[in-house]
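Colleague: I am new to this structure. Could you walk me through it, one feature at a time?

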Amino acid sequence: KREGGNRFEYYSPESSIAWTRDRLELEKELRTAILNDELQVFFQPIINARTHQITRMEALVRWPHPTRGFLSPSEFIPLAENVGLIEQLGELVLRMSCLSAYRLLQQGYPVNVAVNVNPRQLMNKNFLQTILKTLQDTQLPAGSLILEITESSIVNNIERVSIILKTLKQLNILIALDDFGTGYSSLTLLRELPIDILKIDKSFVRTLDQNQSDLTIVQAIIGLGNNMGLMVVAEGVETAEQNQILLQHQCYHQQGYYFSRPVPYNALVELIHTKNSS
Ligand code: C2E
Ligand code: CA
Ligand code: CA
Ligand code: CA
């Protein structure tokens with residue numbers, strides 16, 4: 001034990017204990033936040049870049065922490081994954097997203113909602129059940145829901161995922177492959193799975209206007225998607241130049257700070273009123 005203690009000292013025990021305490025604290029707080037319905041969902045519009053109308057929106061979770069301010073997903077999703085809270089978190093986000101999309105639909109704005117699905121959620125045996133129940137409870141038509149999945153959830157489970165996605169597709173739910181181009185087996189997945197939407201990762205979009213090879217990659221992804229009859233969405237569009245280059249290369253669906261940051265539901269409704277009514 002003492003030796004262990006000595007070895008630990010090398011890694012600075014105080015900071016390590018402080019870190020552990022901090023993490024335990026955060027875990028407790030996250031549990032409470034989920035229980036008390038304190039997580040919020042922001043929405044970022046996905047634009048038809050030709051008409052500038054908002055056709056879809058992506059749901060992005062936020063945690064208004066009592067002392068640490070607004071926490072972004074990268075600060076608590078990994079924790080939620082590790083401590084078994086991700087399924088609950090995912091269900092909350094799904095429910096809030098479907099409710100919001102249904103409210104928009106009621107107001108005459110059929111804006112589809114895209115919800116991020118964590119690999120663990122997708123692999124959970126109750127996943128399909130949860131989706132069905134949520135659609136039923138919120139009355140959102142299945143065709144208004146998009147599920148965004150990433151390659152990392154799939155590579156080791158392609159057969160199982162394939163069955164799940166085919167079931168979702170039969171229900172009329174749309175599937176988007178998120179962060180496309182960043183993984184190792186994107187093309188295999190495209191061949192094997194019933195994908196409807198490709199989301200070009202923002203790392204390619206960022207330097208589109210400066211880097212010839214990124215432009216070439218983006219062009220190839222757009223061509224691939226269009227030729228396969230998929231919808232292609234570029235994410236992380238920040239500048240007019242990026243917007244224009246993407247349009248020139250037939251990428252008509254775009255998302256990014258150039259159009260709008262992720263915003264609370266009410267702000268999104270305002271945006272939709274101005275953009276979609278004219
Ligand atoms: P993602 O699915 O790739 O989501 C896009 C991220 O890019 C969001 O970050 C969004 O705010 C950010 N973004 C949008 N436009 C721009 C832009 O023009 N420039 C730049 N630099 N960034 C932009 P966010 O909200 O921090 O989310 C990060 C990641 O956390 C997401 O990446 C997603 O993987 C995960 N995430 C977010 N919400 C949820 C959720 O409800 N459930 C799960 N399982 N994961 C979520
Ligand atoms: Ca996403
Ligand atoms: Ca993405
Ligand atoms: Ca990402």
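Modeller: Let us begin with what counts as a metal donor. A donor is an N, O or S atom within 2.8 Å of the metal, or within 3.2 Å for Na, K and Ca. Water is not among the atoms, so sites may look incomplete. Keep in mind that this is a predicted model.

Colleague: Which donors coordinate the calcium ion (ligand 3)?

Modeller: D178 (OD), D179 (OD), E235 (OE) and E235 (OE) coordinate this calcium ion, at 2.3 to 2.5 Å.

Colleague: Where in the chain do D178 and E235 lie?

Modeller: D178 is in strand 6 (residues 174–180). E235 is in the loop between strand 8 (231–234) and helix 11 (240–248). The two are 57 residues apart, and the pair links distant parts of the chain.

Colleague: Is D178 buried or exposed? And E235, buried or exposed?

Modeller: The cut-off to know is 20%: under that relative accessible area, a residue is called buried. D178 has 7% relative accessibility, so D178 counts as buried. E235 is buried too, because its relative accessible area is 7%.

Colleague: Now the calcium ion (ligand 2). What are its protein donors?

Modeller: The donors are E58 (OE), N116 (OD1), E148 (OE) and D178 (OD). They lie 2.2 to 2.3 Å from the ion. Their spacing along the chain is E-x57-N-x31-E-x29-D.

Colleague: Why does the pair E58 and N116 tie together separate parts of the chain?

Modeller: Look at where each one sits. E58 lies in strand 2 (residues 53–65) and N116 in strand 4 (residues 112–116), so the pair ties together parts that are 58 residues apart in sequence. E58 is at 5% relative accessibility and so counts as buried. N116 is at 30%, so N116 counts as partly exposed.

Colleague: How far apart are the calcium ion (ligand 2) and the calcium ion (ligand 3), and which residue coordinates both?

Modeller: They are 4.0 Å apart. D178 coordinates both.

Colleague: What about the calcium ion (ligand 4)? Which donors does the protein give it?

Modeller: The protein donors are D179 (OD) and D179 (OD), at 3.0 Å from the ion. D179 is in strand 6. Here is another pair of ions to read: the calcium ion (ligand 4) and the calcium ion (ligand 3) are 3.8 Å apart, and D179 coordinates both.

Colleague: What is the space taken by ligand 1?

Modeller: It is the largest pocket.

Colleague: Last, the backbone. How should I read a phi angle?

Modeller: Most residues other than glycine have a negative phi. Look for the exceptions. Phi of Q139 is positive, near 65 degrees. Q139 sits in the loop between helix 6 (127–138) and strand 5 (145–149). At 53% relative accessibility, Q139 counts as exposed. N172 also has a positive phi, near 90 degrees. N172 is in the loop between helix 7 (158–170) and strand 6.

Colleague: And what does the side chain of N48 reach?

Modeller: The backbone nitrogen of R50, at 2.9 Å. N48 belongs to strand 1 (residues 40–48). Its relative accessible area is 16%, so N48 is buried.

Conventions
Residues numbered from 1 in each chain as written. Chains lettered and ligands numbered in written order. Predicted model: local features only at pLDDT ≥ 70, side-chain atom pairs only at ≥ 80, totals over all residues. Heavy atoms only, no water. Helix = DSSP H or I, 4+ residues; strand = E, 2+ residues; numbered from the N terminus. Buried < 20%, exposed > 50% of the residue type's maximum accessible area, 1.4 Å probe, protein only. 1 Å grid on protein atoms, 1.4 Å probe; cavity = no way out; pocket = protein on both sides within 12 Å on 5 of 7 lines; lining within 4 Å. Sits in = over half its atoms within 2 Å of the grid points. Polar contact = N/O pair within 3.5 Å; in protein donor to acceptor, adjacent residues only side chain to side chain.
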